[in-house]
Structure formats: structure tokens, C-alpha cells
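Some labels given to parts of a protein model rest on a value and a cut-off. How does one get from the value to the label?

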Amino acid sequence: MSDVGGDGNGSETESGDHQTRATVTAQAARAGADIAAAGFRTDLEVDYKDGKTDVVTQADRDAQIAVIDVIRERFPDDPIVGEEDDELKTVPDEGPAWIVDPIDGTNNFVRGVPIFCTAVAAVIDGEPVAGTTVCPALGDTYRSGPDGVFLNDRPISVSDETEPEVCTVSPTLWWAPDRRGEYAAACREIVHRFDDMRRYGSAQITLAMVASGALDGTVSNLVANPWDSVAGVHMIRTAGGTVTDLEGERWRHDSTGLVASNGSDGIHDEVLEAARAIDDRA
């Protein structure tokens, strides 16, 4: 199953622009991650957005400001889609834009669990061209652009597994309390179809792990927020993997379902079937 197009191939001028944007995603994500790291395992004041588990801290807000400040220095007029405060919440279909998650994995962050990150993506006409995910407590930086995809400046690629029974797969996104039957169904499908399951509490780290080969696939039947997904999707595609919606069509930022794998037909087909079965078995 292929997943091609729209990931940075083009003229030399276009490639240079994409490389500039890739550099800015790295600088901006590092600035946000530095703010997050400074607040980690400190006395945090926690606020709530849409529910008892939808938490936000001042560190989230301050990290987003730091990310935006870096972007604005180079691209002052570009739209910015951000999780917090009054930034845009949808990705423009035309022109350049930036997508920011200041702290992905805030529940981990407030509990002192080191699995959280700052993620920044650059898009052109809705298509990602670069992404960076900085995990400050883990000491890991994932980045992708026209020069490839890297973990701590070392090239990475998706796994080469072709047999589901030896694969490790993750349920990517968070199911709300009124959709826990779907969460249970996703877990059941994974453990029955694959060797093992992981859940990290950060969608962007999960997607980056698929890009690096640490995971073989990840599934969701939900519509992902762009700040939870776009940077990691670009990494997986750049690393040779496949990302589709529930119909098996090429994933985009407003797709229903996010199904990612190492791109092997046998693995992606099985991951896709697991995702499709969530609604049937919930």
C-alpha cells in the first residue's frame, strides 16, 4: 500500500523554502521544550478545559508563546494553528501555515512522567513539509524535512517487520469517557492481532516512534487534532511508512481515523482492519 505525494518533492527553490521551514520548526520546538522542561516536576497549577482529564498548565501557554515568537521572527504573516488560547484551530487549505502543540502529553507532564514533547509542523496548502518533536525529559529530538528524518541527528526509518504476530502496535489518541467502549475495542483488536501493545499518552511521541521503528503501527478511529498528528505523520511518511484514514485513503489533517504503519502491505492491512473493527466491536 503506497502513501506518496505532497511531502517536499519539488523544485530547488521549493526545496530550499521547505528546508528553511524545517529549520524553524526545530528552533521553535526547542524553544517550547525548554519552557516545558523548566516546569517539569515543579509545583504546577493545573487548570481544566473540557473535562476532568483535559488538563492545561501555565507551562503549556508559555511554551506556545515561545514557539510562536520563534516562528514570527522568520515568518511574521503566516497563520499559526495552536492547541492553546486563541490561535487557529483548523489548518488552512491554501498557503503556508504552522501547527503547534506546546506540550503533547500534558497529563504525563503534570504527573511527573517524562513522556511529553513539544511538536511543531510546517504545512503548505494543507500538506506537511517539515516537523519537529522535542522530548526534553527523554533527551530525544525527532525531526523531518527535505533532508530526511532523524532522531538526535541520526537517520531513522520505519521497521522492516512483515508479520503481524511479531509487531508492537499502539492505540494513538485519547478516547473520551463516553467513548471508552471504543478504547476497549481498540486494545482488544491490537492484542488479538499483534504481539504486543503500548500506550504512551502522547500522540506525537507515538507517531515518532513508528517513524523510528520502535513501534510497527498505531491505530485510531477518531478525527485527530492537527497539533496531535501532523508533525508525526510527516515523520512516518518521510521514514518510509504509510498513513491512511479508515477507508485506506491517504491521511490528511481532517481525516476520520489515523492508521499508521511501517508500510508493509501485510502490516498496514492488518492495522487498518484493527482500526475499522473498533466501531463494530465497541
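The questions below concern a predicted model and take up a helix pair and some paired strands.

Q: Why are helices H5 and H6 called roughly parallel to each other?
A: H5 (residues 203-212) and H6 (residues 230-238) pack at an angle of about 5°. Angles under 35 degrees count as roughly parallel, and H5 and H6 are therefore described in that way. Their axes are 8 Å apart.

Q: Which residues make the contact between H5 and H6?
A: From H5 come Gln204, Leu207, Ala208, Val210 and Ala211. H6 contributes Val230, Ala231, Gly232, Val233, Met235 and Ile236. Of these residues, nine are nonpolar, two are polar and none is charged.

Q: What makes H6 largely enclosed by the rest of the structure?
A: Buried means under 20% relative accessible area. Eight of the nine residues of H6 are buried, so H6 is largely enclosed. Among the buried residues are His234 and Arg237.

Q: How do you know that strands E7 and E8 pair?
A: Pairing needs at least two bridges. Tyr142 has Leu151 in E8 as its bridge partner.

Q: What makes E8 and E9 a pair?
A: Two bridges join E8 to E9 (residues 154-155), and at least two are required. These strands run antiparallel, with Leu151 opposite Arg154 in E9. Two residues lie between E8 and E9 in their hairpin, and Asn152 in the turn has a positive phi of about 50°.

Terms used
Residues numbered from 1 in each chain as written. Predicted model: local features only at pLDDT ≥ 70, side-chain atom pairs only at ≥ 80, totals over all residues. Heavy atoms only, no water. Axes fitted to C-alpha atoms, helices over the stretch in contact; angles between N-to-C directions. Helix = DSSP H or I, 4+ residues; strand = E, 2+ residues; numbered from the N terminus. Parallel < 35°, antiparallel > 145°, perpendicular 65-115°, else oblique. Contact = heavy atoms within 4.5 Å. Nonpolar A, V, L, I, M, F, W, Y, C, P; charged D, E, K, R; others polar. Buried < 20%, exposed > 50% of the residue type's maximum accessible area, 1.4 Å probe, protein only.
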